[in-house]
Amino acid sequence: QVQLVESGGGLVQPGGSLTLSCAASGTDFSRYMMGWYRQSSGKQREMVARVSRGGRINYEDAVKGRFTISRDFAENKVYLQMNSLKPEDTAVYFCNANYISGLGEVSDYWGQGTQVIVSS
């Protein structure tokens with residue numbers, strides 16, 4: 001059974017830091033694009049950061065310079081280091097694993113989400 005389990009969310013003051021972790025299990029994730037998405041109240045889910053199996057990284061413009069995504073292939077984990085947090089970073093953060101085979105078959109998995117609240 002494929003599982004993505006996030007941890008590390010919580011309440012933090014503006015300007016503070018948090019590190020989110022995602023532990024993946026149940027399949028070989030080395031082929032997968034791994035990423036973090038977030039969804040705040042009344043808004044659509046958006047990509048925050050993602051890292052390909054080759055190590056290519058993309059960030060949403062709003063988090064560039066503040067967030068860092070990293071990946072541990074040996075442990076099947078992906079992390080999101082979040083610094084200089086702002087109230088607008090408040091959201092539920094989801095871990096995602098995505099793979100498209102050479103035949104176009106899509107495998108797409110989501111974690112249950114972890115809440116991040118940035119407030120004084």
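I began with Tyr32, which counts as buried at a relative accessibility of 2%, and I kept in mind that this is a predicted model.

Next I looked up the aromatic pairs, of which the structure holds five. One of them joins Tyr32 and Tyr99, whose ring centres are 5.5 Å apart with planes at 40°, so I noted the pair as tilted. Tyr32 lies in the loop between strand 3 (18-25) and strand 4 (33-39), while Tyr99 belongs to strand 9 (residues 91-100), so this pair ties together parts that are 67 residues apart in sequence. I found both Tyr32 and Tyr99 to be buried.

I then turned to Tyr32 with Tyr109, where the ring centres are 6.2 Å apart and the planes stand at 35°, so that this pair is tilted. Here the loop between strand 3 and strand 4, which holds Tyr32, is linked to strand 10 (residues 106-110), which holds Tyr109, across 77 residues. Tyr109 itself is partly exposed, with a relative accessible area of 28%. I recorded that Phe29, Tyr32, Tyr99 and Tyr109 form one aromatic cluster.

I also checked for charges over rings, and saw that the charged end of Arg31 sits over the ring of Tyr99, 4.5 Å from its centre, and that Arg45 lies over the face of Phe94, at 3.7 Å from the ring centre.

Last, I searched the whole structure for cavities and found one of 30 Å³ or more. The largest cavity holds about 40 Å³ of space, and its lining is made up of Phe29, Met34, Arg71, Asp72, Phe73, Asn76 and Lys77. By class, I listed that lining as three nonpolar, one polar and three charged residues.

Notes
Residues numbered from 1 in each chain as written. Predicted model: local features only at pLDDT ≥ 70, side-chain atom pairs only at ≥ 80, totals over all residues. Heavy atoms only, no water. 1 Å grid on protein atoms, 1.4 Å probe; cavity = no way out; pocket = protein on both sides within 12 Å on 5 of 7 lines; lining within 4 Å. Points joined across faces, edges and corners; volume = space filled by probe spheres on them. Nonpolar A, V, L, I, M, F, W, Y, C, P; charged D, E, K, R; others polar. Phe/Tyr/Trp six-rings, centres within 6.5 Å; stacked < 30°, edge-to-face > 60°. Helix = DSSP H or I, 4+ residues; strand = E, 2+ residues; numbered from the N terminus. Buried < 20%, exposed > 50% of the residue type's maximum accessible area, 1.4 Å probe, protein only. Lys NZ or Arg CZ within 6 Å of the ring centre and 35° of its normal.
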